[in-house]
Amino acid sequence: MYFARNRARILLMSMMSVVLMFSTIVNASAMSSSDLSSSSLSSSEAQAEPLASGSTASSQIIEDFEQLQQLSATSVRVVPGSVKAVLTSRPEPVQHDEHAVKLTYDFTETTGTSAAYLNFLNASGGVGREIKGYPSSIGVWVYGDGNKHWLRGQLQDAGGAKPTIDLTTSSGLSWNGWRYVTASLPTNLVQPIKLNQLYVVETNDRNKNSGAIYFDSLRAIYGSTNIYELTMIGLPPLQVGETKRVQVLATSAGEAEQVDVTKEAVLISDDPSIVAVNPDNSLTAVAEGRTRLTARYMQAPESVVDVVVSQAAPVIQQLNLYGAPAMEIGERVKTHTLARYEGAAKPVSMLEGVSYNSSNPEVASIDAAGMVTAQANGTTVMRAVYGEFSSAYELKVSVPQPKLERLELTGLHAMTIGESLQGKVTAYYSDGSSSEVSTGVVFKSSQPHNATIDASGNVMALQVGISSITAAYGGKTADFTLVVNKDTILPKRQLRAGWIASVVNIDWPREGVVTEREQKQDFVNLLNELETAGMNAIVMQIKPTADAFYPSKYAPWSEWLTGVQGKDPGYNPLQFMIDEAHKRNMEFHAWFNPYRVSMQPDINKLVPDHPARLHPDWVVSYGGKLYFNPGVPEAKRFVMDSIMEVVNNYDIDAVHFDDYFYPYKVDGVEFPDRATYQQYGAGFSDITDWRRNNVNTFIEELSKEMKQAKPHMKFGISPFGVWRNKATDPTGSDTTAGVQNYDDLYADTRLWIQKGWIDYITPQIYWYFGFTPAAFEKLVDWWVKETEGTHTQLYVGHADYKVNDPNTPAWLNPDELPNQLKYLLNFDTVKGSMHFSTVDILNNPLGLKDRLSGDSYRYKALVPEMPWLPANTPSVPKLTTAHVTDKGVHLSWEDVTNSSAAYYVIYRAEGGESINVNDPKQIVKTIRKINGAYQFHLDTTGELGKQYTYAVTAADRLHNESAPSQSKWIWNEPLVSIELKGDTNMTAGKQQQLKVFGVGKSGNRVELTNDLRFTSNQPSVLSINEAGMVKANKSGTAVVTVKYGSFLQSIMQIKVSQK
């Protein structure tokens, strides 16, 4: 079940803005070099044609990297002159044949996105290498430098679209040595397709370094396979009568070397009368001539080579032995012996007939397969001999020296202004040892106005903000993103919400769970866990794809409930969910996706009475999904009516939209509403302005209808985190995002704030501190300034789903998201947070849920008031009872008839403290109002033996809170008895204050002052008031009784005499 849910999550993430941010974050058109020269494709290797039919894949060489004439290097934001494309030869890294291409770069001391491009050129000098047909993927051998950059490519189709493809994740170019990497091609390109470039890119200013990577054997792959390349080696020209061994090697994605599959492979000779394939897959030259030999293995692309057989012995022109020129004792390295034959286009790997020797075998030995073992300090010459030919190289062997592999900077954490901390640098070496480094370290603060660091590593926090603290030593660096905060406290009022996504069964219901009982229990469990984590609201997706989680005249039952669209689940999930949320006094925000109709493009797969099938003229297909066209007035009215159906019929607290208005753009594909624009776009000279107006009027009109129907109803939207980049609009954020709300989704979110159409906005700031294209802190700053002084509250959307992402080092830091929550406390304008999504919170990655409940949300919080909405502040309730039982402290209170209270807040002060309703530490619980004036709660959270003071307030549904009730004091220990103390003899006309003491199970005694009920059996002799003050009236004897709780009482006889 976990894996099914994880697949569903991946599907949704492919649509979400966060993925789109990463897929477009480097603006390819802005960063590509369009004025490059080009040259033609050249390869002497026989190639398979692109796959036409059958079950096996095929491949086509795009570039073999045996020459440079058709390649060039360009760059953006690098050290000048550092980016070069160099043709290399063995013994430098080469995977196939004689050469590879090395791409050097230096990103040090640069800011912003840096990139080094290897550009592919065509025969006429234009940009881009045309790829035959429509491959499913490309694959290439890459020799990595371990610098954790991003390897990407750019394609271009006949329509001018320039999509990017990812060969690694954003920090995935992390290996050293060779590795085969692949990337799938988009499915919507217009042929012919070109490959413009492969490039190394770094978006993180904290990972700016220098290095070099090598490329070899770039192929286009056609069809489905997990074996991307077959290679036959060891096949020289043959002489009639001789038998030779050939080796077949298979390449898989992510592997560091090829695998020998000779025994499993199938070898086929086009003409067995010339070359025969023997049962052991060796080859025998039968007769003079030329034929083709094909190797097949599983679903891999075939490998095809030409074989020449002659009567005369093949003539070797040159023998070359390649190996590592320097090794350390204990290392083992395989050499490569290549022979160049007369008339052959490429050198041949020699598999047999070669003898090896070392001039000093005590220093290094070499076995019959060419494997070198370094054994002692010194120099030797390694030699290969084949007939009369030989080749040698000098090898130096040294004692292993521990190599510095990495640094670690510790001792730092989020700081408050004025605080100082001492950084500690630890060096880790290749032999497993480590040591603290105290000298020779160069420290730097990227933002010294926020925090400084001196030469000894002492950090001083100066003002609110972020600074990257780096330590450099021995060619390695370590960094720490330092967050500087004010000396803040947790607020009493703060929205804390979890998104519960239902589309593709991400959070609820679980995939395959279709019974009412199981679904209800799962939902109750989710709410209980969210409540434990500190949440006071949920954002529940109730209409994810034009289908509903409630009986509706505007939509069929959702397929995510039962697995079948239109099937009645047997209960009303929406009503159940609202009731359960309100039981826990959690706000219920009803989450709608207004325009999305289906996650797939076939309208005929929808139920027959689906509104989209009844009104196909309202529907467009785009990016593999169906949408209501926002430009069709009837469709807009229908969507608004479907939302108002819920507003009018259910006790929800808010209507919520996420970031989906017009869908995220598909590269090179225009949203298909041009005809709609021609029909309805009068008055708009630009289709983009018309699209924005369609969304704006939808938001404005829906807001007005909601407020008219229910003035207390909140309207909130959670858009993509970037309105516009500063480069696009000077008033935009200091970001370089590849997606902008205003320009790409046609959502002018800033206008909605300025017009007051929405009550809250929750930008999805799904990135980490210091992320160069869209830094968390920069976006928080922009949204704070946009919402200050408005009637729109600002909450921040957090990417809980990214925590512990192995591909992004920042999200492997358990402090990243908790630091974000703490950073927000610096801004009074930020009124809370929303977390995507619930399942990620509950999975507790890196202890996140524990951090929420134990730190960030350790005290309960009330949802912030919205002063512009109609307030109905309740009257002060009356706390009537506070007494200790074996199960806890029983509290009861009364409210006035027809009170506007929606819930009550119970406060508890400890020891001698007084009730302070502004202190969130004192909030014990919020209790939803039940019918009737009498309300109660059993507090089981107190510690035995402690003294507490309680008070209660009442709040309306918009969280406007009354003043506190009168307070009541208790001693939290179950009592076994009470004692009434005072003078037993009094004189008429005198008064005395009686005292009551409770006796606990432990024998401890404490004075009681609350909930005591006094009576006198002879009030004419001795009267007593409710506080225990007695007055002697005339001579005689009276018995005073005091009762506490339901069962405890004590009596005292008092004799009254005349003066």
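User: How many bridges join β38 to strand β41 (residues 465-473), and in which sense do they run?

Analyst: Start with the general idea. Strands of a sheet pair through backbone hydrogen bonds, either parallel or antiparallel. Two strands count as paired if DSSP finds at least two bridges between them. Here, four bridges join β38 to β41, and they run antiparallel. Serine 445 stands opposite isoleucine 469 in β41.

User: What am I looking at, and how are the labels set?

Analyst: This is a predicted model: local features need pLDDT of at least 70, side-chain atom pairs count only at pLDDT 80 or more, and totals for chains, interfaces and linings use all residues. Residues are numbered from 1 along each chain as its sequence is written, and side-chain values use heavy atoms, with hydrogens and water left out. Helices (H or I, at least four residues) and strands (E, at least two) are DSSP runs, numbered from the N terminus. The chain has 16 helices and 70 strands. Its C-alpha trace spans about 145 × 75 × 55 Å along the principal axes.

User: Which order do the strands take in the open sheet with mixed pairing?

Analyst: The order is β34-β42-β41-β38, four strands in an open sheet. At its edges are β34 (415-416) and β38 (442-445), each pairing on one side only.

User: Where does β32 find its partners, and are they parallel or antiparallel?

Analyst: β32 (residues 389-398) pairs with β24 (residues 326-328) in the parallel sense, over three bridges. Glutamate 328 has serine 398 as its bridge partner. Nine bridges join β31 (residues 378-386) to β32, and these two run antiparallel. β31 and β32 form a hairpin with two residues between them; in the turn, glycine 387 has a positive phi of about 60°.

User: At what angle do α8 and helix α10 pack?

Analyst: Two packed helices are described by the angle between their axes and the distance between the axes. Axes are lines fitted to C-alpha atoms, for helices over the stretch in contact, and angles run from 0 to 180 degrees between N-to-C directions. α8 and α10 (residues 687-709) pack at about 30°, with axes 11 Å apart. They are therefore roughly parallel, a term for angles under 35 degrees. Contact means heavy atoms within 4.5 Å. It involves residues including Met640 and Ile643 of α8, and Phe698 and Leu702 of α10.

User: Which residues touch the most other members of the largest nonpolar core?

Analyst: A nonpolar core is a set of buried Ala, Val, Leu, Ile, Met, Phe, Trp, Tyr and Cys residues joined through side-chain atoms within 4.5 Å. Buried means under 20% relative accessible area, with a 1.4 Å probe and protein chains only. Of the 138 residues in the largest core, Trp508, Ile538, Ile542, Phe588, Phe628, Phe657 and Ile699 touch the most other members. Helix α8 (residues 633-649) gives the largest share, eight residues. Another core lies apart from it, with 35 residues, among them Ile62 and Phe107.

User: How much of the chain is buried?

Analyst: Of its 1059 residues, 55% count as buried.

Definitions and conventions:
Buried < 20%, exposed > 50% of the residue type's maximum accessible area, 1.4 Å probe, protein only. Parallel < 35°, antiparallel > 145°, perpendicular 65-115°, else oblique.
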